[in-house]
Amino acid sequence: MNIKGVMVTGATTPIGERLVRNLLRDPGVGNVLAVAFEAPDVAVPFRVGERLVYKQVDLSRSRQARNLLFGPARELGVEVIIHTAMHRDARHSGGRVHAQNVETLRSLLDLAERHPTIRRLVFKSAGEVYQVQHDLPIMIQENHPLNMNGGAPQWVRDRVEADINACTRMGLTRLEIAVLRCAEVLAPGVGSQLFDYLEAPFCLRPAGFDPMMNLLSLDDCVRALELGARSFGVQGVFNIPGKDTLPLTACIRHWGRVGLPVPGAALAPAYKLRKRLRGHDFSYGMNKRRFHYCSVLDGNRAAEVLGYVPEKAIDWPRKADPVG
């Protein structure tokens, strides 16, 4: 089905940029409205052309969001919003970050529900919204409990709140809403905790534990978002797993790093010190449960309804290293 216009938020991130480029190569897509916070003469990674319009907008400010949707978006006949803009740095917190992560989505939903051309909103959520613990299933389906722990880091709490906001709107208005809970994209610049973890030459891990990790390639993430945009008439929550499922120790070896098992009690202080000295983003406290317990997204619903099946494996630096 052809789409007259698509609006992509977070267009200057690695995921947003790849998504915009793919949409522009698709003859079934008319106009592409790329939206990001950066000024066009500073950080736009693509050339604005006949089918592409770039707008610098702070979507956390309701007036700017309204002017965007009822101005350029209406003029371009935007039918689908693909919302990928979330604050990526887990070190940052506070009201400004919450506004970007939660209030922006709430505003977009409010405006899109009464918009004359927008029919569908696809929200890139995250598999990190799920609760991971020893007495819950390893294979996570869409009805798996969410992490409602009030003591969780804001990075997690904001994503859970935004996800719930989108889910509670489903079926209440004419707007079709699809929430894609994506596995972790292992790539630079996407806010991947594991990527930052693997950047260290020595990777500390809890002794006696080697959980299975499911990881999503940038290509598959973008393809899932495209499929979600095209699935008119369909709404709901969809897990988006990656092709790679392997133990944490194998991830470390594939990345060419040295894994060091240490007592669990020593990990949090060690990574707090690393963050303070080197400015890294990885937080052991935020990853403690998944570094102890296995959790893999079940993608059967996405396969059956959206036609999404992971195809592209992670481009590991050491491909020849055996898994296991």
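This is a predicted model: local features need pLDDT of at least 70, side-chain atom pairs count only at pLDDT 80 or more; totals for chains, interfaces and linings use all residues.
Two strands pair if DSSP finds at least two bridges between them. In S4, Ile81 is the bridge partner of Met7. S4 covers residues 80-83, and strand S1 covers residues 3-9.

**Strand S4**
- Val80 and Ile82 point one way from S4, while Ile81 and His83 point the other way.
- All four of these residues, Val80, Ile81, Ile82 and His83, are buried.
- In a regular strand the side chains alternate between the two faces of the sheet.

**S4 and S1**
- S1 and S4 run parallel and are joined by 3 bridges.
- Opposite Ile82 in S4 stands Val8.

**S4 and S5**
- Strand S5, residues 120-126, is parallel to S4, and 4 bridges connect the two.
- Val80 has Arg120 in S5 as its bridge partner.
- Between S4 and S5 the chain passes through helix H4 (residues 95-113), giving a right-handed β-α-β crossover.

**Strand S1 and its link to S2**
- S1 is largely enclosed by the rest of the structure, because 6 of its 7 residues are buried.
- Here buried means under 20% relative accessible area.
- Strand S2 (residues 29-36) pairs with S1 in the parallel sense, over 6 bridges.
- Within this pairing, Val6 stands opposite Val32 in S2.
- The chain goes from S1 through helix H1 (residues 14-25) to S2, and this β-α-β crossover is right-handed.

Notes
Residues are numbered from 1 along each chain as its sequence is written. Side-chain values use heavy atoms; hydrogens and water are left out. Buried means under 20% relative accessible area, exposed over 50%, partly exposed in between (1.4 Å probe, protein chains only). A crossover is right-handed if, with the strands pointing away from the viewer, the path from the first strand over the helix to the second runs clockwise.
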